[in-house]
Amino acid sequence: TILVIDDEEAVMTVCRTMLERMGYRVLEARSGQEAIDVVKTFDDDIDLAMLDILLPGMSGETIYPLLMKARPDLKVLIFSGYSIKGPVQKILDAGAQDFIPKPFAMADLSQKLNKILGGKQ
């Protein structure tokens, strides 16, 4: 199960389609607060969260520690149109597993997920 955290409908649709084709169950959050609510209330395991940096009301930098507080074992893949410098690097330094720049191909996403999850689907 992968939680996709992004406020852009087109990005959400593409991510959901790619992830479902790879065999993952997809949860969606379009804001930081919605993401926090999902990780606190979803009854099953969430294997990974894909976290965008710019979201309405709350940045990825703010959301990351809240995700970790709610689910300390959650793996996080940051995805953003921004470079790895700045907020992305701060979240990686705080413990996120990896970064993939937008836009990305399905093969690249699959490779990142296999690296982080060890082939678990």
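I located Lys-102 in the loop between strand 5 (98-101) and helix 5 (106-117). Helices (H or I, at least four residues) and strands (E, at least two) are DSSP runs, numbered from the N terminus. The model is predicted: local features need pLDDT of at least 70, side-chain atom pairs count only at pLDDT 80 or more, and totals for chains, interfaces and linings use all residues. Residues are numbered from 1 along each chain as its sequence is written, and side-chain values use heavy atoms, with hydrogens and water left out.

I listed the contacts of Lys-102 (heavy atoms within 4.5 Å). Leaving aside neighbours within four places in sequence, they include Asp-6, Asp-52 and Phe-79.

I then checked charge over ring (NZ of Lys or CZ of Arg within 6 Å of the ring centre and within 35 degrees of the ring normal). The charged end of Lys-102 sits over the ring of Phe-79, 4.9 Å from its centre.

I searched for aromatic pairs (Phe, Tyr and Trp rings, the six-membered one for Trp, centres within 6.5 Å; planes under 30 degrees apart are stacked, over 60 edge-to-face, the rest tilted). The count is 1. The rings of Phe-79 and Phe-104 have centres 6.1 Å apart and planes at 70 degrees, so the pair is edge-to-face. Phe-79 is in strand 4 (residues 75-80) and Phe-104 in the loop between strand 5 and helix 5, so the pair ties together parts 25 residues apart in sequence.

I checked burial (buried under 20% relative accessible area, exposed over 50%, partly exposed in between; 1.4 Å probe, protein chains only). Phe-79 and Phe-104 are buried. In helix 5, Leu-109, Leu-113, Ile-116 and Leu-117 are buried.
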